[in-house]
Amino acid sequence: MMCNPKTLSVNGKSYEVVRLLGKGKGGYSYLVTDEKGAQYVLKQIHHEPCDYYQFGDKLQSELRDYRRLKDIGIPIPALLEADVENERILKEYIDGPTIAQLVEENRMKQSYYDQIQEMCHLLYPANTNIDYYPTNFVVQEGTLYYIDFECNDYMQQWDYENWGRQYWYSH
């Protein structure tokens, strides 16, 4: 798979790849810039096997999950474009440390815990769980953003209290 491309395009517009931000179950996320130097995240869907998760159409899932989270009111990056043919999405870049970095550096603040609880208060009544793993959350100017679009129907064993919370504290 294309782990180190120099450029990627979305609907015919070319973006320079700055670096790989991460690889998830559904794709590779890259920090990219346009011709003016503006930064974005470009996610390239991949079809690599994942033993513990079943997918349908990954791109359509991303688009559907984005709309679901937006409707619920979860702070997420804006989805700017979708390139169906190349299975790519372009979204707003939220610049800041991940919760994983903040936990590792012992820089967590009570307000981040309060904000994840506020998200849960919106998600659970909407019968929705997100992936609470701390690399999926970025703090920008004091605001906590869920930078992944993955969400699923609510199941107690996968909610924040029963699964995610353990990763949000130093061990």
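How many of the five residues of strand β6 (residues 88-92) are buried? Four of them are, so β6 is largely enclosed by the rest of the structure. Buried here means under 20% relative accessible area, with exposed over 50% and partly exposed in between (1.4 Å probe, protein chains only).

A quick note on where this comes from. This is a predicted model, in which local features need pLDDT of at least 70 and side-chain atom pairs count only at pLDDT 80 or more, while totals for chains, interfaces and linings use all residues. Residues are numbered from 1 along each chain as its sequence is written, and side-chain values use heavy atoms, with hydrogens and water left out.

**The whole chain**

The chain holds four helices and 10 strands, in the order β-β-β-β-α-β-β-α-α-β-β-β-β-α from the N terminus. Both kinds of element are DSSP runs numbered from the N terminus: helices are H or I with at least four residues, strands are E with at least two. For 171 residues, a compact globule would have a radius of gyration near 16 Å, and the chain agrees, with 16 Å. That radius is taken over C-alpha atoms, and the globule rule is 2.2 Å times the number of residues to the power 0.38. The C-alpha trace spans about 40 × 35 × 30 Å along its principal axes.

Of the 171 residues, 43% count as buried. Take the contacts (heavy atoms within 4.5 Å) between residues at least 6 apart in sequence: 58% of them join residues at least 24 apart.

**Back to β6**

Which strands pair with β6? Strand β4 (residues 39-45) and strand β5 (residues 79-83) do, where pairing takes at least two DSSP bridges between two strands. Both β4 and β5 run antiparallel to β6.

| Strand | Residues | Bridges to β6 |
|---|---|---|
| β4 | 39-45 | five |
| β5 | 79-83 | four |
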